[in-house]
Amino acid sequence: MRGPVVTDSTCLIGLERIDRLDLLPALFEPVVAPPAVHDEFGSHVDWLRLKAPADKALVATLRLLVDEGEAETIALACERRWQVILDDRRARSVARRIGIAVIGTVGVLVRAKHSGILASLKPLLEDLERRGFFLSASLKKGSSEKIVG
């Protein structure tokens, strides 16, 4: 069963660049993004639900630590108690500190590989990197040791 997720724009943009946005609705239901993320992403996809976080004070507080899209994403995930897709190191740390389960874009690809949706991970990681998505050396090493193939 696919669980719900709140996503930041980095994942949407990265997956769009490698033509694999289809992975999100295949793995998660619903896929939700706040307005600031939708504005950053700039594309319309039918399966992406837009929802603004209700707690404006939490968003304002989070804005002291992360950008607007990340603040809204974390606040919405906190309100819903849903997993969040974040790639920025600081945003991931903030989300974890307030008890939110975090996955990143590479984690989405790994989950798709484990689910049998993807036959191979390495070409997509290479494509992401070619298209400007930063992958740390430790992330590349960790994913290649586990399941790249």
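**View 1. Packing of helix H1 against helix H7.** Helix H1 (residues 9–17) and helix H7 (residues 105–114) pack with their axes 9 Å apart and at an angle of about 60°, where axes are lines fitted to C-alpha atoms, for helices over the stretch in contact, and angles run from 0 to 180 degrees between N-to-C directions. H1 is therefore oblique to H7, given that angles under 35 degrees count as roughly parallel, over 145 as roughly antiparallel, 65 to 115 as roughly perpendicular and the rest as oblique. On the H1 side the contact, meaning heavy atoms within 4.5 Å, is made by Thr10, Cys11 and Leu15, and on the H7 side by Thr105, Val108 and Leu109. These residues divide into four nonpolar, two polar and no charged, with Ala, Val, Leu, Ile, Met, Phe, Trp, Tyr, Cys and Pro taken as nonpolar, Asp, Glu, Lys and Arg as charged, and the others, Gly among them, as polar.

The model is predicted: local features need pLDDT of at least 70 and side-chain atom pairs count only at pLDDT 80 or more, whereas totals for chains, interfaces and linings use all residues. Residues are numbered from 1 along each chain as its sequence is written, and side-chain values use heavy atoms, with hydrogens and water left out.

**View 2. The open sheet and its strand E2.** Five strands, in the order E3-E2-E1-E4-E5, form an open sheet with parallel pairing, two strands being paired if DSSP finds at least two bridges between them; helices (H or I, at least four residues) and strands (E, at least two) are DSSP runs, numbered from the N terminus. The edge strands, each pairing on one side only, are E3 and E5 (102–103). Strand E1 (residues 3–7) pairs with E2 over three bridges in the parallel sense, and Val5 stands opposite Val31 in E2. Three bridges also join E2 to the parallel strand E3 (residues 48–50), where Val32 stands opposite Arg49.

View 3. Thr73 lies in helix H5 (residues 68–80) and, at 0% relative accessibility, counts as buried. Apart from neighbours within four places in sequence, Thr73 is in contact with Val6, Thr7, Asp8, Pro34, Val37, Val84 and Leu86.

Technical notes. Buried < 20%, exposed > 50% of the residue type's maximum accessible area, 1.4 Å probe, protein only.
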